[in-house]
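Here is a short report for a reader meeting this structure for the first time. Have the sequence and the model side by side.

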Amino acid sequence: MRILAFILVMAAGLSLSDAAAAQQQPPYWASVDEPEARMRTGPSTEYPTMWIYKREKLPVKVLARYKSWRKVEDHEGTQGWMHARLLSASRTGLVLATSGKPVAMRALPNDGAKIVWMAEPDVVGSLTQCEKGWCLFDVTGRRGYISTDDVWGDEPLK
């Protein structure tokens, strides 16, 4: 009986945290939470599909809300609408391809720190501990600090 009560309380807590994330006021960062997500020209399935994203965890900026729809912008500046269930509040980043070369992931958040990994352009990973121009970047367990100049998904939003 206690186990059942615990499970019910945990499930309620999870749904509340998801609901809280869904109520966040734009602009804010999110990520694609499905293997396939459609971006539409308007906030309904009645609007045509602009893009089909086949990249789970891809970061997006949420710019506006309309009922269960979110107006988002991708790293190339393309804007459109996605259903909220296709998005996650998980913070992710995309390694920019500005130089076309791999980007250093360092042991500490500074330019002189030891390079522990190299991240190829367009790699997606989790972002945490972002401050003073650096974020802790995790790509399937390979962790290191990456300069915010080399990743899309961390710029301050207003």
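The model is predicted.

**Cores**

The largest nonpolar core has 15 residues. Val32, Leu58, Val60, Val62, Val72, Met82 and Leu87 touch the most other members. Strand 1, strand 2 (37–40) and strand 4 (59–66) each give two or more residues to this core. Strand 1 gives the most, with three residues.

**Aromatic pair**

The structure holds one aromatic pair. Trp29 and Trp152 have ring centres 4.9 Å apart and planes at 85°, so the pair is edge-to-face. Trp29 lies in strand 1 (residues 28–32) and Trp152 in strand 14 (residues 151–152), so the pair ties together parts that are 123 residues apart in sequence. Both Trp29 and Trp152 are buried.

**A loop residue**

Where is Thr78 placed? Thr78 sits in the loop between strand 5 (69–73) and strand 6 (79–83). Its relative accessible area is 19%, so Thr78 counts as buried, under the 20% cut-off.

**Contacts**

The table leaves aside neighbours within four places in sequence, for Thr78 and for Val62.

| Residue | In contact with |
|---|---|
| Thr78 | Met39, Met50, Trp51, Tyr53, Val72 and Glu73 |
| Val62 | Pro26, Pro27, Tyr28, Ala30, Arg70, Lys71, Val72 and Leu87 |

Val72 is in contact with Thr78, and Val72 is also in contact with Val62.

Methods. Residues are numbered from 1 along each chain as its sequence is written. This is a predicted model: local features need pLDDT of at least 70, side-chain atom pairs count only at pLDDT 80 or more; totals for chains, interfaces and linings use all residues. Side-chain values use heavy atoms; hydrogens and water are left out. Helices (H or I, at least four residues) and strands (E, at least two) are DSSP runs, numbered from the N terminus. Buried means under 20% relative accessible area, exposed over 50%, partly exposed in between (1.4 Å probe, protein chains only). Contact means heavy atoms within 4.5 Å. Rings of Phe, Tyr and Trp (its six-membered ring) pair if their centres lie within 6.5 Å; planes under 30 degrees apart count as stacked, over 60 as edge-to-face and the rest as tilted. A nonpolar core is a set of buried Ala, Val, Leu, Ile, Met, Phe, Trp, Tyr and Cys residues joined through side-chain atoms within 4.5 Å.
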